[in-house]
Amino acid sequence: MVAVKTFKKGGVHPEDNKFSADKPFVKAPLPKMAIVHLTQHLGAPAKPLVKKGDKVKTGQLIAEASGFISANIHSPVTGKIMKIEKAIDASGYKKDAIFIKVDKEEIWEDGIDLTTDLVKDIPYSPQEIVEKVKKAGIVGMGGATFPTNVKLSPPPGKKAEYVIINGVECEPYLTVDHRSMLEMGHELMVGTKILMKALGVDKAIIGIENNKPDAIKHLSEIAPEYGNITIQPLKMKYPQGGEKQLINAILGREVPSGGLPIDVGVVVQNVGTTIAVYRAVTKNMPLIERTVTVSGKNFSNPSNYIVRIGTPIKELVDFAGGIPENTEKIIAGGPMTGKALSSLDVPVQKGTSGVVFFASEEAHRKPYQDCIRCARCVSVCPAGLEPYLLMSLTEHQMFDKVRKEHVTDCIECGSCSYICPTNRPLLDYIRLGKKTVMDQIRAERAKQQPKK
Amino acid sequence: MSDVLLNSVIVLGIVGSVSALILYFVAQKFKVEEDPRIDDIEEALPNANCGGCGYPGCRAFAEACAKSDNLDNLYCPVGGNDVMKKVATILGMEVQEQKRQVAVVRCAGSYDNREHHNEYEGPENCAVAHQLYGGETDCHYGCLGLADCVRACNFDALHMDKKTGLPVVNEDNCTACGACVEACPRDIIELRVLGKRDRKIFVSCINEDKGGAAKKACSVACIGCGLCYDACKFDAITMFENLAYIDDKKCVLCRACVEVCPTNAIWEVNFPPRKPKPAKKKVAAKPTANNTTPQTKEENKVINVTDLPKENTSKPDENTVENKDNKTENKEDTNSNENK
Amino acid sequence: MKENKLKLVISHSPHVHAKSSVNKIMYMVIIALLPALIVSLAYFGLGALIVTLTAVLSAVFFEWFIQKFLLKVKPTITDGSAIITGLLLAFNVPSNLPIWIIIIGSLVAIGIGKMSFGGLGNNIFNPALVGRVFLLISFPVQMTSWPTPGGQNLTKYFDATTGATPLGLIKEGVKNGETIQQLMTKLPSYWDMFIGQMGGSLGEMSALAILIGGLFLIWKKVITWHIPTSIIVTVAIFAGILHLADPTKYADPLFQLLTGGLMLGSFFMATDMVTSPMTPKGMIIFGVGIGILVVAIRVWGAYPEGMSFAILIMNAFVPLINMYSKPKLYGEVKKNGK
C-alpha cells in the first residue's frame, strides 16, 4: 500500500460536494453559434486568419499564435464566420471573438484521425511531439491555460527529472478529471508517455486525492503496462491541485519563490491536458472540445459533459436541464477560484472546467468587520504569506511594502478569505496589490530593455 | 526653607544656562546652510502637501523653485497664479499665467441612464471592482460609483451623488491636484481647462464600444457618430474607437457640437440657457453654417440624419440645470462605509 | 442579453466560506471558562455570583453605551467579546470586591482597554488586564484582601473572612527571613492548590478547572498550544534554576505553576488573539518573555503576583515580535544560495 502524502504548509478543507462523480460523460450538442475568443490562454491573443464570410471546417486553424507565449485556435465547428467583434467572456469584460454560425452538417479538416481506438506507438522525436502539441493549440486545461508546448520546452540549462500528472481536482463540485481518469485511463497513460518522451524523462507520477478511490484503483491496475508511471494517492486538502503544492506533496521539493517547477526538475500537467496531448500527437486532433461539470447544491442533475469550445454556457445549461430555481450566482469553474458570471452568453473556453449554480442562501457575502488578528489566514496560506497584512497594506496603498511581502508568490487559491472569521475580503485586495506590483515590475523591466 | 529655595534657583539657573550654551554651539556647528529663499517660498505656498505640483510636499517644491533657472515647469495648482506670482517675486523671476483647470467627470451614466443587470458584492473600492469585471451595467467603461475618487480628494471637492450614483465635482474647492485622476481605475476623470466665466464643453463619455452597443447600455453614451466632428469648425474634436474627444486647448466654446449630439453626450457647463426657438415641424432643416443662432434642446429637437435612432430620449433641460448644480453648495457626507 | 428576473451576484472568488465566525470563537471561550466559573461559585458562593454578574453586565452595558452614543456605530455586544472581558475581569479580582469598584474596572477595561483603540481587533493590550491592573493600583487594599474559600464565606459577600494567598504568604515570609521550607508547611498541599483550596481571586483557584477549559480550546482549535506551553515551560525552567540555586529562598516550579494567575493567564489571557503574535515562532517568543517576567516580578518585584504585568508588558512587544517572526515563505530563496 503506497503511503498517502500531502503538502506541508497551509491548506483548508472545503466540503467536496462531488455530486457528479459517478456520472459518465455525455456529449453536449453543437451550439447554434460558436463564439471563439482570441484570448483563451495566457500570453498574447491569437491573430485571426479568417474574416467575415469565410467558411470553416471543424478543426481548421482560424487564429494563430502571435509570440512565444501564445496559442493556436481552431474552429470547433463547421460553419460560416459571421463577424469578429467583442463579446463578453469569463473575465467580465468584452474581448475580441470569432462568431461562427454552425452548419447542420459537420465537415472535418483533413488530416484529423476520427477513430477512437487506442494508439500506443509514438514514433516521433521530442521536437516533433512539441511541434504537434503547439500546432494543436493545447493549453493547460486545469484552468491556468498556459501554452503546453512552452512548458514542454524547458529553457537551456534546465532539465526535467519527473513528469507529474495532476489528477487531484481539489476544487469542490468539479469531477471532470475524475471521470477522465476512469473513462479515458489508457489515453491518459499514453499521453503521459508522450510527455515523458518529449521531456526526456523516465519517471512519471500521477497524483490523485483519496476521495477518488476508484480512479486510484483503475489507474494503479493499468499503469504497469506503460512503464515507469506510479500512482500517488494524496490526502484531501485544498489547494493540493496547485502545481507548487502538488510537487511538495509528491516529492517533498519546494519550487523557489519567483521560480518555476522546472527549477526543481519537474513538469506538471493536468489530466485533461495530457489526454488532449495524446489526441494531438496520435490523431492530429486540435483542441476543440473539453470536459465540463455542471453542478450545484440545488441542481437536480449534476453531470459531466464533453462540450465544444465556443458553446455559449446558456446552451450547455439548457441542455443540462436549465437553471435551477432560486439561483443567484453562477460560477465558471470551481467555487474556490472560479469566476462569477454576469451573463450566460459567456462561452465555454479552453480553461472552463465547470459551471456551478449557487442558490440564494449560499450566493451572498456576509458583511465584514475589523481584523481580529486571529492569524487563521496566516496558518492556512500555502505560500507562507500574511494575508491580513497584504490586505491592510493594499488598502493604504503602500505598494512598496506589499512588494516586499512577496505578494507575487500568491497563488490566489482563496484559502485566506475562505477561513477568515470576520469575512474580510482578503483575496479581493491581495489581487489588487498583486496586479499593481506586477505592473510596477513590468514597467521597470520595460525601462531596462533599451539598455540591453 | 529659603536656603533650599536659593540653592534650587542657583543650581537650576546654572544647569539651564550651561545647557543653553551647549545647545547654541551645537546648533551653530551642525547648522545646514540653506538658501533662505526656500523658507520664504514655503511660507507663500498653501502648505497642503497634496503633491499636485508633482513634488513630495510643499518644501520639496520650494526647493525645486529655488534651484531652477525659470518657473516654466513649476506650478502649484492649489495656490494657482496668485501664489506663483509671489514665488516669482521672491525669486526675481518671470512667471506665465496659467489657465485654471478643474477635474471633470466624463461619465453621465446615472441610474436613470444606465440599467443595472447584476449585483456587485465586495469591498466598496473601484479598483477592486474594476479588476473583477466590467460592472453592474453593460457599459464596461463607465463609472462604478464606489467612490475611490471621493476618498482620494484632499480638498473636499468631490462627493458621490446618491441619486445618480456618479461623483460630482465642487469646482470652488477643486485645485486640479490630480489625485482623483490617479485614483480612478478607468481614467474617467480628467483635468480640463476652464474657459472664460468658468465655462467648459466636454464629451461626458469614454465608451469605446460601437454605437449600437454603447447606446443600448447607456442612453447618453457617445455613439461615435461623428456629427460633432463635422460640426466643429475649429478642429477641436477627434474621433477614435467610436468615441469623440474635445481638445480643451482648441475648443472656443461655440457649442456647435452640443447642438448636434444625438444622445446629449456633450455637456456645456455654465452657459446661459439658449433663447427658445419658435415651434418646429417634425423634420426640420439643419441651421446653416454659423452656429450662432441660439437653439434650445427641447423634446422636439430633431436631427436630419436619417440613420440615427429616432427614440430621442434626450432629457431637455437636464444638462443646463444639472451643470449649474455642479457648483452646488450642499455637500453630502461621502458614504465610505465599506460593506459593513 | 440578460435573463428575465435573474439578477446574478458577482464577487471575487472564493465563493464559499468556512463555518468559522467571531461569535463561534467567543462562545467557545465562554464554554471553556465554565469549569473555572463553577469552581469559583463552589468556593465563594454569593460573593462570586455578585462579582461575576456585575462584571459581565457592566462590561456589556459599557460596550453598548459607548458604541451607540459615543462612537455612533452599530453595537457589537452579541459577538461575545464583552462578555468574555467581563468574565475574565471577574476572575482576576477577589470575591468581596465592592460593586462600584467592579463597575469602574469594567469601564476602564472596555472604555480604555478596548474602545479607545477602535474596538475589537484594534486594541494593543488585553482589556481585562488593563481593567485589573488599574484597579490594583487604584484600590490596593480592596484588591488584595482575599476571602478564604468555602465554609461561612459561601453566603457572605463583603463581610467574608479573609486570608492571605500562598504567593502573598511566601513574599512576606521570605522578607521576614523565613525559609521556603518553613513557609510551605503553612500552605495547603499541592493537591489542594491544584483543585483550588486556597485563597485567591475568583478564577485563579483551580488549575484543574483552567486546564480542562484550556485543553478544550486547544482541541477545538480556538487557540494553539504554543503560548500556554512556552509560558509553563519557561516558568518551570526559570523557577527550577532559582530553586536549585537556593531552595530556602526560592519556591519550587510546581508551586509557581499552581499559584496565582499563572494558569488562568497562560490559557485565557495571554492567548487572546487580538493581543498575541501571529505566527507560532512569535507565540513562543511571547510565551518565553511572559514566563521570565512573571517569575522575575514574583521573586524580585514589589508585588507578590506578576502575571498581569508580565502579559501587559509583552503585549506591548507584540508588533515588534510580529515584525521579526514572519512565517516561512514557500520556496524561500536564501540570500547566498538556492
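User: How many residues of chain A are in contact with chain B, and how many does chain B provide?

Analyst: In this predicted model, 14 residues of chain A are in contact with 13 residues of chain B. On the side of chain A that touches chain B, helix α14 (residues 426–448) of chain A gives the most, with five residues. By residue class, that side of chain A divides into six nonpolar, three polar and five charged residues.

User: How many residues of chain A are in contact with chain C?

Analyst: The size of an interface is often given as the accessible area lost when the parts come together. Here the description rests on residue contacts: 55 residues of chain A are in contact with 34 residues of chain C. The elements giving two or more residues to the side of chain A that touches chain C are β15, β16, α13 (415–419) and α14 of chain A. The largest share of that side, four residues, comes from β15(A). The residues of chain A on this side divide into 26 nonpolar, 15 polar and 14 charged.

User: In which sheet do the strands β15 and β16 of chain A lie, and in what order do its strands run?

Analyst: Strands of a sheet pair through backbone hydrogen bonds, either parallel or antiparallel. In chain A, six strands form an open sheet of mixed pairing, in the order β1-β14-β13-β17-β15-β16. Its edge strands are β1 (26–27) and β16 (339–340) of chain A, each of which pairs on one side only. Strand β15 (residues 327–332) of chain A pairs with β16(A) in the antiparallel sense over two bridges. Within β16(A), A:Ala340 is the bridge partner of A:Ile331.

User: Is strand β10 of chain A mostly covered or mostly open?

Analyst: Strand β10 (residues 204–209) of chain A is mostly covered, with six of its six residues buried.

User: With which strands does β10(A) pair?

Analyst: Strand β9 (residues 162–167) of chain A and β10(A) pair in the parallel sense over five bridges; A:Ile206 in β10(A) is the bridge partner of A:Ile165. Six bridges join β10(A) to strand β11 (residues 229–234) of chain A, and these two strands run parallel. In β11(A), A:Gln232 is the bridge partner of A:Gly207. Between β10(A) and β11(A) the chain passes through helix α5 (residues 213–222) of chain A, and this β-α-β crossover is right-handed.

User: How is chain A divided into domains?

Analyst: Chain A is divided into domain 1 (26–104 + 288–362), domain 2 (126–283) and domain 3 (376–451). The C-alpha centres of domain 1 and domain 2 of chain A lie 24 Å apart. Their contact takes 26 residues from domain 1 of chain A and 20 residues from domain 2 of chain A. On the side of domain 1 that touches domain 2, the elements giving two or more residues are β6 (73–74), β13 (289–296) and β17 (354–359) of chain A. The largest share of that side, five residues, comes from β13(A). Its residues divide into eight nonpolar, 16 polar and two charged.

User: Where in chain B is confidence lowest, and where is it highest?

Analyst: Where pLDDT is low, the predicted coordinates should not be read in detail. The mean pLDDT of chain B is 82, and 81% of its residues reach 70 or more. Confidence in chain B is lowest in helix α11 (residues 318–325) of chain B, at a mean of 40, and highest in helix α5 (residues 126–132) of chain B, at 97. Over residues 280–340 of chain B the pLDDT is below 50, and this stretch has 73 contacts in the model beyond near neighbours in sequence.

Key
Residues are numbered from 1 along each chain as its sequence is written. Chains are lettered from A and ligands numbered from 1 in the order in which they are written. This is a predicted model: local features need pLDDT of at least 70, side-chain atom pairs count only at pLDDT 80 or more; totals for chains, interfaces and linings use all residues. Domain bounds come from an automatic or database domain assignment. Two residues are in contact if their C-beta atoms, placed from the backbone, lie within 7 Å. Ala, Val, Leu, Ile, Met, Phe, Trp, Tyr, Cys and Pro count as nonpolar, Asp, Glu, Lys and Arg as charged, and the others, Gly among them, as polar. pLDDT is the predictor's confidence in each residue, from 0 to 100. Two strands pair if DSSP finds at least two bridges between them. A residue is buried if 20 or more other C-beta atoms lie within 10 Å of its own, exposed if 12 or fewer, and partly exposed in between; C-beta atoms are placed from the backbone. A crossover is right-handed if, with the strands pointing away from the viewer, the path from the first strand over the helix to the second runs clockwise.
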